[in-house]
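Reader: I would like to see how the words used for a protein model follow from their cut-offs. Please take the terms in turn.

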Amino acid sequence: MYARDVASIATPIGLVRVTGSADRIYAIDILATGDAAASDVPAIREALRQLEAYFAGRLKAFDLPLAPSPTERGAVLRQGIVDIAFGETASYGALAKAIGSSPRAIGQACARNPFPIVVPCHRILGAGGALGAYSAGNGPITKFRLLDHERPQGGLL
């Protein structure tokens, strides 16, 4: 296993820290406080660049070398979450039905998601559009802020 490095950037939802190696991202964390820190590691630099572009409104889909899911089923759940497009949402139940899983499995995958924002579990809502839980940052507040960031602007009242 390669040595891991860490870097972070300030964002509207707090400090976002990326952990990775030269060719892979292992974790993304949303922190309440801290200082931005740079890295010379290519995969981390690219992750920070894409996160910065996302928060600047210039990026809607991430393309990063994420560490693989530890299980095949986990990979299917992760891909189902990734497939929810920028600005869109899905309920736990609807996503579960679409990928042949259960709402509980979707919830567990979201709770264990090591890549918040990039694997957009913030786009998954409870029944009837309820905001529901969020395991990153400040929980539901962070989830709401990410959804608000992705909401189409300039629409009719």
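Author: Begin with burial: buried means under 20% relative accessible area, exposed over 50%, and partly exposed in between, with a 1.4 Å probe and protein chains only. Helices (H or I, at least four residues) and strands (E, at least two) are DSSP runs, numbered from the N terminus. This is a predicted model, in which local features need pLDDT of at least 70 and side-chain atom pairs count only at pLDDT 80 or more, while totals for chains, interfaces and linings use all residues. Residues are numbered from 1 along each chain as its sequence is written, and side-chain values use heavy atoms, with hydrogens and water left out.

Reader: What makes strand S2 mostly covered?

Author: Strand S2 covers residues 14-21, and seven of its eight residues are buried.

Reader: Which strands form the open sheet, and in what order?

Author: The order is S1-S2-S3, with antiparallel pairing. S1 and S3 are at the edges with a single partner strand each, so one side of each has no neighbour in the sheet. S2 and strand S3 (residues 24-31) are paired over seven bridges, and two residues lie between them in a hairpin.

Reader: Why is the contact of Asp-29 and Arg-17 called a salt bridge?

Author: A salt bridge is a side-chain nitrogen of Lys or Arg within 4 Å of a carboxyl oxygen of Asp or Glu. For Asp-29 and Arg-17 the N to O value is 3.2 Å, so the pair qualifies.

Reader: Why is Asp-29 called partly exposed, and Glu-150 buried?

Author: Asp-29 has 26% relative accessibility, which falls between the two cut-offs, so it counts as partly exposed. Glu-150 has 3%, which is under 20%, so it counts as buried.

Reader: What is the N to O value for Glu-150 and Arg-123?

Author: Their side chains meet in a salt bridge at 2.8 Å. Arg-123 is buried as well, at 4% relative accessibility.

Conventions. Two strands pair if DSSP finds at least two bridges between them.
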